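Work through the exercises below with the model in view. Try each task before reading its solution.

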Amino acid sequence: MKKPRVQIGVVVLIEAHDHDGTKVLVTRRRNDAFIFPSVWVLPGGHAEKGESLLHAGKREVEEETGVVLADEDMRLCGLWESCYPAQVDHGPMKKHHLVVFYRAIVHKPTTDLSLHLQEEEVDGACWMSMAKLAEWIEVEETKEKVLAEIRRERGQSSQRDYFAPEVLAAFKQRIPGDHGGGDGGGEADRQLVSIRFNHQPGQERKQLGPHSYDMREEWLALGHRFVLKHLLDEVARL
């Protein structure tokens, strides 16, 4: 059996500084993406042959968001190994990635960093406050616990059916509270979301207004959450 080669991905955690605190840029993958559709991630992608990791991170950020980073903004902050499928009972490994995470601290307010999203890759973007990130990570960890309970109740032996509609509906009912990123979050949170596109099949692509997301429904990618959690821990120690 042919073994999958390890592909290298580069992801960048971008921090900007507003008068009300530090913000981190997260983007939402298109809802028709082949891998992780509609999942929130930090901007990034694959390094091309012969390309340095630093250049790959800067290139991907500019292509996906329009934000231009300088070499001196970037520093290596972590690695994440990703295999697909993630469980042995799902079959032989088909994809194997090593994701290199950079942290880019931009000493500018978000209002000076105009976003121009790449429609082919991204359908939303948001400058997240540290408080909102901490809340979202808490919700994500609660999701995992609730989904594990649902799996046991359904007699599942794997995570294969975690995203079935009935499972999603069940865990949403079990996570109380209003976790909307726009509704209930105040005017400042509503202004965080910059843009979102409509990619429904058969419909004309059009730019929509500010997107109110629900943390109980929308997902933050696991490896990206891991890095963001370490950022929050580091900030808390300062």
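Patches are made of residues with over 30% relative accessible area and no salt bridge; like charges are joined within 9 Å, and nonpolar side chains (Val, Leu, Ile, Met, Phe, Trp, Tyr) within 5 Å. Accessible areas come from the Shrake-Rupley method with a 1.4 Å probe, and for residues only the protein chains shown count as cover. A salt bridge is a side-chain nitrogen of Lys or Arg within 4 Å of a carboxyl oxygen of Asp or Glu.

This is a predicted model: local features need pLDDT of at least 70, side-chain atom pairs count only at pLDDT 80 or more, and totals for chains, interfaces and linings use all residues. Residues are numbered from 1 along each chain as its sequence is written, and side-chain values use heavy atoms, with hydrogens and water left out.

**Exercise 1. Find the residues that make a nonpolar surface patch of about 400 Å².**

Step 1. The patch is made by Phe34, Ile35 and Phe36.
Step 2. Strands (E, at least two residues) and helices (H or I, at least four) are DSSP runs, numbered from the N terminus.
Step 3. Isoleucine 35 is partly exposed, at 37% relative accessibility. Buried means under 20%, exposed over 50%, partly exposed in between (1.4 Å probe, protein chains only).

**Exercise 2. Trace the salt bridges of arginine 59.**

Step 1. Arginine 59 meets glutamate 51 at 2.7 Å, N to O.
Step 2. Arginine 59 also meets glutamate 63, at 3.3 Å. Both residues of this second pair lie in helix H1 (residues 53–65), 4 residues apart, about one turn of the helix. An α-helix has 3.6 residues a turn, so residues three or four places apart point the same way.
Step 3. Arginine 59 is buried at 14%, and glutamate 51 is buried at 16%. Glutamate 63 is partly exposed at 36%.
Step 4. Widen the view: Glu48, Glu51, Arg59, Glu60 and Glu63 are linked in a network of salt bridges.

**Exercise 3. Which residue forms a salt bridge with glutamate 234?**

Step 1. The partner is arginine 103, with the closest N and O atoms 2.7 Å apart.
Step 2. Glutamate 234 lies in helix H5 and arginine 103 in strand E6 (residues 95–106), so the pair ties together parts 131 residues apart in sequence.
Step 3. Arginine 103 is buried at 10%, while glutamate 234 is partly exposed at 29%.
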